[in-house]
Amino acid sequence: MLNIECPHCGARPEHEFRCGGDAHVVRPPLSASGETWAEYLFGHDNPKGDQTERWCHSFGCGLWFNVIRDTVSHEIRAVYPITAQRPEQAA
Amino acid sequence: MSGARRPGGGRIDRNRPLCFSFDGRTLSGFAGDTLASALLANGVDVVGRSFKYHRPRGVFAAGAEEPNAVVQLEIGAYLSPNRVATEIELYEGLVAHSVNAWPSLGFDLYAINDRLSRLLPAGFYYKTFMWPHWHLFEGTIRKAAGLGAAPTQPDPDRYEHRHAHCDVLVIGGGQAGISAARDAAQSGARVMLVEASSELGGRALWAGDAINVDQTENLTILTRTTAFGYYDHNLVAAVEDCSSGVAKERLWKIRAKQVVIATGAIERPLVFPGNDVPGVMLASAVQRYAHGFGVAAGKRVALFGNNDGLFDYATAFEAAGIEIAAILDTRRGEEVIGVKGRKRVRAVQTSRGEIACDLLAVSGGWSPVVHLFSQSGGSISFCDKRQMFVPDKAVQQVRCVGAANGDFDLNTQPWQSRAKGKAFVDLANDVTAADVMLAARENYASVEHLKRYTTLGMGPDQGKTSNVNGLMLMGDATGRTPDAVGTTRFRPPYTPISFGVISGARVGNLMRPRKFLPAHGWHQTLGAVFEDYGWQRPDAYPQAGESLGEAAIREARAVRTSAGLFDASPLGKIEVWGSDAARFLDFIYVGTMSTLNPGRIRYGLMLDENGVIIDDGVAIRLAEDRFLLHTTSGGAERIAAMLDEWLQCEFSGWDVRVLDCTLQWGTVTLSGPNAIEVATALGLPVEALPHMHFRADQLGNVPVRVARVSYTGEATLEISVPARYVKSLLETAAAIAGVTPFGVLALDLLRTEKGYVHVGADTDGMTTPGDIGLGRAIAKKTSDFVGRRSLLRPACAREDRLQLVGLESANALPIGAHIMEGSNAPCPSGGFVTSTCISPTLGRPIALARIREGRARLGETVKLFDLGQIFEAKIVAPCFLDPDGRRLHD
């Protein structure tokens with residue numbers, strides 16, 4: 001079970017949180033092509049290594065925030081605001 | 001009968017004798033015994049029958065790795081199957097039974113399987129029992145192969161869960177673990193030390209000098225506690241056996257900054273013909289029984305091994321009064337080629353000739369217990385020199401110390417028997433060396449395939465003594481090193497754990513929190529029959545002699561003819577306000593909410609991004625910048641969370657606030673031709689409030705919100721008051737003449753007559769607004785909304801989608817009955833019934849269904865199929881009563 005650092009509440013166990021899937025997904029406009037819309041709905045990166053995803057501290061303060069998580073070790077490399085760009089990080 | 005209690009020695013308390021029973025025989029042992037040591041002390045040779053061949057099995061090991069001595073512990077409600085005798089501390093009155101033997105341990109009819117073993121090779125089931133279907137054979141095979149029976153009564157014991165945090169968690173209280181814990185504690189860290197057995201000391205307790213360590217303020221010691229799972233971010237789960245306390249077992253979830261694994265090593269057997277006869281044991285186990293429990297496992301022992309440990313064992317056995325018959329060292333070319341005896345070793349056949357003995361102690365090297373390290377994500381590698389898998393790279397904050405790290409040198413040499421005969425690799429699952437060779441020949445050479453094809457390493461012991469031997473044999477057969485063969489993935493739990501301890505206190509009434517209506521007590525006084533709909537809600541209020549269904553019909557008729565009173569408190573109530581609230585709701589709802597005037601109400605559907613209906617309800621405009629959303633009762637929390645997600649993640653700059661106030665406001669529904677009169681009598685001037693209008697009011701000092709909306713088809717008022725006033729409002733309203741309380745069942749009858757959909761019942765994960773006849777208005781809307789782009793897919797515009805219609809039939813239709821697209825079953829399904837009842841108002845069966853191209857087929861008669869029965873029904877419009885909605889407005 002992950003130990004996640006909520007920006008507002010501090011480190012809490014995973015079961016207090018909800019994972020909202022990929023972070024930084026841009027919602028296409030109504031005029032988007034079928035392919036673009038399908039990619040938005042069903043296309044997901046599945047990297048071996050760092051992945052950005054958004055989490056909500058749903059059984060806590062309710063805050064949504066972004067996380068970079070290593071899909072191999074499950075190490076959380078960064079936690080940053082939902083509106084922020086993906087931070088530069090050392091490889 | 002060969003095992004016996006020695007006159008002295010061991011860590012048992014000879015002043016505290018204990019009685020226990022095994023297979024109905026009353027036996028005795030001492031405090032400090034395990035069930036296994038007590039059985040050996042009583043001279044019990046055969047403790048079970050093997051899984052497949054039903055050969056006699058004796059105690060083989062002394063710890064968690066025991067493959068043979070699996071028993072049923074206790075009886076009745078306390079029955080606990082698949083327990084390992086070496087891990088059960090003896091107590092007064094213990095009752096245990098052997099498994100896999102029928103009709104009895106001494107005479108097992110299934111032992112015929114052993115004679116037929118050439119017909120029962122690995123993969124036998126996969127090859128033989130496939131025609132016509134595996135399930136035809138499964139019951140009989142499982143009975144023959146099963147490992148005991150599950151209890152049939154609820155578990156009367158209590159279990160607990162505890163969370164703990166520490167700087168350093170040390171797993172294993174042997175020498176290495178104790179010194180790691182002591183060092184960490186001295187540095188000031190908060191340390192926890194968990195040890196599976198009842199005493200710290202590990203091997204030193206029976207093979208060296210005992211060490212002591214005291215619990216201090218920053219060192220917590222838990223004995224009888226087995227760490228069984230290593231999860232992400234250094235979370236370790238452990239089970240504490242606390243039978244003497246209030247709870248039977250306690251599940252610890254320990255989050256540690258660092259973990260030290262000091263779980264020691266397990267001795268490996270050797271694979272040779274006859275190595276499963278009772279009396280063949282791990283040498284380390286013989287030593288532990290002798291010096292830890294004062295039990296001589298035999299009178300005359302032959303030692304057989306491939307490493308330097310043999311000579312230490314010989315010294316230890318002699319000191320324990322066991323006569324040494326021979327020491328056979330494979331490194332000198334000596335080996336055992338067969339074992340004489342069936343229920344007990346009588347002699348061993350060796351390269352030096354036959355040697356009479358009743359005990360064969362085997363040592364094939366050691367395997368560090370790398371299970372938890374591997375579970376943590378760490379890699380393991382094979383060390384050629386010491387012939388074992390050792391921890392390699394860690395990915396979490398964890399290190400292995402002592403024997404668990406392979407920190408010993410025994411000069412072990414690999415050896416493989418070339419002798420003919422049934423040589424067992426996995427005693428627990430009856431997997432022989434020949435089975436492994438067969439798997440190799442049939443190209444199940446991957447270690448994961450080997451496991452599944454032969455069952456090697458499955459079962460309660462998870463191959464603790466067999467995995468390494470199995471993969472070495474496979475390596476040999478396929479010309480690969482053990483490293484190249486690799487191991488199967490180590491997964492939790494390290495040892496079997498009970499379902500009880502996983503559930504903890506969350507059983508029965510504590511399974512999950514129950515939600516009660518604010519006026520629950522009032523419903524009880526009316527004789528309500530409750531059901532769990534997420535909330536405990538009245539299904540109906542049966543009167544004397546009335547069934548639940550009859551009560552629902554009476555209540556529904558009262559709503560159609562006079563006035564009904566319903567506790568709708570769980571109704572979702574979400575307030576949304578801010579200067580961007582209207583714009584935001586236009587995005588959330590299929591309908592347009594920005595054009596709604598204050599004081600007005602509009603029905604709305606919510607979709608997900610796939611265009612699928614997830615909720616319906618109404619939006620009420622309280623003021624220019626303030627809305628109140630009524631969602632379905634089950635959807636309130638989910639929808640409020642969804643609104644918040646959109647606002648935080650997509651529209652963070654917008655001025656919108658969301659507040660779920662479902663619990664703060666309770667709602668009382670008055671419905672029926674007399675509903676307005678009743679409300680007036682309550683002091684609410686609503687005569688002039690038209691359908692789909694809202695008014696905020698006061699009853700005395702109590703704020704009241706009145707929404708005129710309907711889910712029954714009758715003129716209806718949803719009256720919301722602060723939750724603590726619901727009971728008095730219900731009481732007052734029920735006292736007015738002609739008012740009948742009604743429950744969820746009556747509401748469902750009423751809405752089905754009107755064809756009002758119940759999201760989740762009449763809709764599913766494929767249903768779009770168009771499918772339920774609500775797609776027409778969408779084209780007029782100019783702005784985007786959740787799921788809109790998905791509705792533009794060609795698939796959503798197809799005419800042959802499942803569309804909501806009504807069905808009329810002579811007989812009541814069952815929910816889930818399929819519309820037949822052929823004259824005889826089996827045939828393709830053309831849709832299915834989603835709601836059904838015998839209409840209390842019309843007095844005949846009606847149903848709602850989603851049928852392929854349904855709207856174009858009104859008037860058509862269709863056949864339906866359900867559980868072998870065939871029905872006939874006519875497709876009609878999905879509204880059976882007052883299609884013009886006059887009753888709503890009167």
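Predicted model: local features only at pLDDT ≥ 70, side-chain atom pairs only at ≥ 80, totals over all residues.

User: What makes B:E714 and B:R887 a salt bridge?

Analyst: Their closest N and O atoms are 2.5 Å apart. The cut-off is 4 Å between a side-chain nitrogen of Lys or Arg and a carboxyl oxygen of Asp or Glu, so the pair gets the name.

User: Where do domain 4 and domain 6 of chain B sit in the numbering?

Analyst: Domain 4 of chain B is made of two stretches, 515-569 + 674-751, and domain 6 of chain B is 798-888. Taken over C-alpha atoms, their centres are 30 Å apart. Domain 4 brings 12 residues to the contact and domain 6 brings 10 residues.

User: How much area is buried between domain 4 of chain B and domain 6 of chain B, and which residues of domain 4 lose the most?

Analyst: The buried area is about 920 Å², with carbon and sulfur atoms giving 52% of that. On the domain 4 side, B:R560, B:L749 and B:R751 lose the most, and together they make up 46% of what that side buries. On the domain 4 side, the elements giving two or more residues are α16 (548-561) and α21 (744-754) of chain B. Of these, α16(B) gives the most, with 4 residues. By class, that side has 4 nonpolar, 3 polar and 5 charged residues.

User: B:R751 came up there. What does the side chain of B:D762 have to do with the side chain of B:R751?

Analyst: The two side chains are joined by a polar contact of 2.6 Å. B:D762 itself lies in the loop between α21 and α22 of chain B. Its side chain also makes a polar contact with the side chain of B:S835, again given as 2.6 Å. For a polar contact the limit is 3.5 Å, so the pair B:D762 and B:S835 falls inside it.

User: Is B:D762 buried or exposed, and how do you know?

Analyst: Its relative accessible area is 0%, and buried means under 20%, so B:D762 is buried. Leaving aside neighbours within four places in sequence, its contacts include B:Y756, B:V757, B:L804 and B:L848.

User: Why is B:T432 called buried?

Analyst: Because its relative accessible area is 5%, and the cut-off for buried is under 20%. You'll find B:T432 in strand β29 (residues 431-432) of chain B. Beyond its neighbours within four places in sequence, B:T432 is in contact with B:K422, B:A423, B:F424 and B:V425.

User: What about helix α11 of chain B: which of its residues are buried?

Analyst: In α11 (residues 447-454), they are B:V447, B:L450, B:K451, B:Y453 and B:T454. At the helix start, a side-chain oxygen of B:S446 comes to within 3.1 Å of the backbone nitrogen of B:E448. After the helix comes B:T455, with a positive phi, near 70 degrees.

User: Now chain A. What is it built from?

Analyst: Chain A has 1 helix and 6 strands, running β-β-β-α-β-β-β from the N terminus on. Its C-alpha trace spans about 40 × 30 × 25 Å along the principal axes. Of its 91 residues, 37% are buried.

User: How many residues does each chain bring to the contact between chain B and chain A?

Analyst: There are 25 residues of chain B in contact with 25 residues of chain A. The area buried there is about 2200 Å², and carbon and sulfur atoms give 50% of it. In chain B, the residues losing the most are B:H233, B:Q648 and B:R789, together 30% of what that side buries.

User: What makes B:E609 and A:R27 one of the salt bridges?

Analyst: Their side chains meet at 2.5 Å, N to O, and the limit is 4 Å, so they qualify. Between chain B and chain A the count is 4 salt bridges, along with 14 residue pairs in polar contact.

Conventions:
Residues numbered from 1 in each chain as written. Chains lettered and ligands numbered in written order. Heavy atoms only, no water. Domains from an automatic or database assignment. Contact = heavy atoms within 4.5 Å. Buried area = accessible area lost by both parts, 1.4 Å probe. Nonpolar A, V, L, I, M, F, W, Y, C, P; charged D, E, K, R; others polar. Buried < 20%, exposed > 50% of the residue type's maximum accessible area, 1.4 Å probe, protein only. Polar contact = N/O pair within 3.5 Å; in protein donor to acceptor, adjacent residues only side chain to side chain.
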